[in-house]
Amino acid sequence: QVQLVESGGGLVQAGGSLRLSCAASGRIVMINDMGWYRQAPGKQRELVASISSGARENYADSAKARFTISRDNAKNTVYLQMNSLKPEDTAVYYCNAQIISITRVRDYWGQGTQVTVSS
């Protein structure tokens, strides 16, 4: 059973920082792309940032210059460092990973972690 477990969300004032973590566990052979998405109330889920197995990074325009995605392949973990947070960054943040296990290849999602930025 493969699962993703997120941590690091919370309440922060505008201009502050948070670091999200997402660890994959289970019978994993390899992890391809990993990424972070977010969903604000009444809005669709959107990509924030992604990183390939070769560490190629991709960011939404809203995240560029403020957020940094990274991964530790030895720990099957992806991180999202968020700086200069704005109230509009308030959302539930979801981790996503394309994981090759012993039995299948598929996308997995974490349970989500709430990020609230107060003005």
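Ser 52 has its place in the loop between strand 5 and strand 6 (57–59), where strands are DSSP runs of E with at least two residues, numbered from the N terminus. This is a predicted model, in which local features need pLDDT of at least 70 and side-chain atom pairs count only at pLDDT 80 or more, while totals for chains, interfaces and linings use all residues. Residues are numbered from 1 along each chain as its sequence is written, and side-chain values use heavy atoms, with hydrogens and water left out.

- Ser 52 counts as buried because its relative accessibility is 19%, and buried means under 20% relative accessible area, with exposed over 50% and partly exposed in between (1.4 Å probe, protein chains only).
- If neighbours within four places in sequence are left aside, Ser 52 is in contact with Asn 32, Asp 33 and Arg 71, contact meaning heavy atoms within 4.5 Å.

**The largest nonpolar core**
- This core has 30 residues, and those with the most contacts inside it are Trp 36, Leu 80, Met 82 and Tyr 93; a nonpolar core is a set of buried Ala, Val, Leu, Ile, Met, Phe, Trp, Tyr and Cys residues joined through side-chain atoms within 4.5 Å.
- Among the elements that give two or more residues to the core are strand 3 (18–25), strand 4 (28–39) and strand 9 (91–101), and strand 9 provides the largest share, five residues.
- Leu 80 lies in strand 8 and is buried, with a relative accessible area of 0%.
- Beyond its neighbours within four places in sequence, Leu 80 is in contact with residues including Leu 18, Trp 36, Val 48, Phe 67 and Tyr 93.
- Met 82, with neighbours within four places in sequence again left aside, has contacts that include Leu 18, Leu 20, Phe 67, Tyr 93 and Val 115.
- In soluble globular proteins, nonpolar side chains tend to be buried together.

**Strand 9 and strand 10**
- Strand 9 pairs with strand 10 (residues 105–109) in the antiparallel sense over five bridges, and two strands pair if DSSP finds at least two bridges between them.
- A hairpin of three residues joins strand 9 to strand 10, and Ala 97 has Tyr 108, in strand 10, as its bridge partner.

Key. Helix = DSSP H or I, 4+ residues; strand = E, 2+ residues; numbered from the N terminus.
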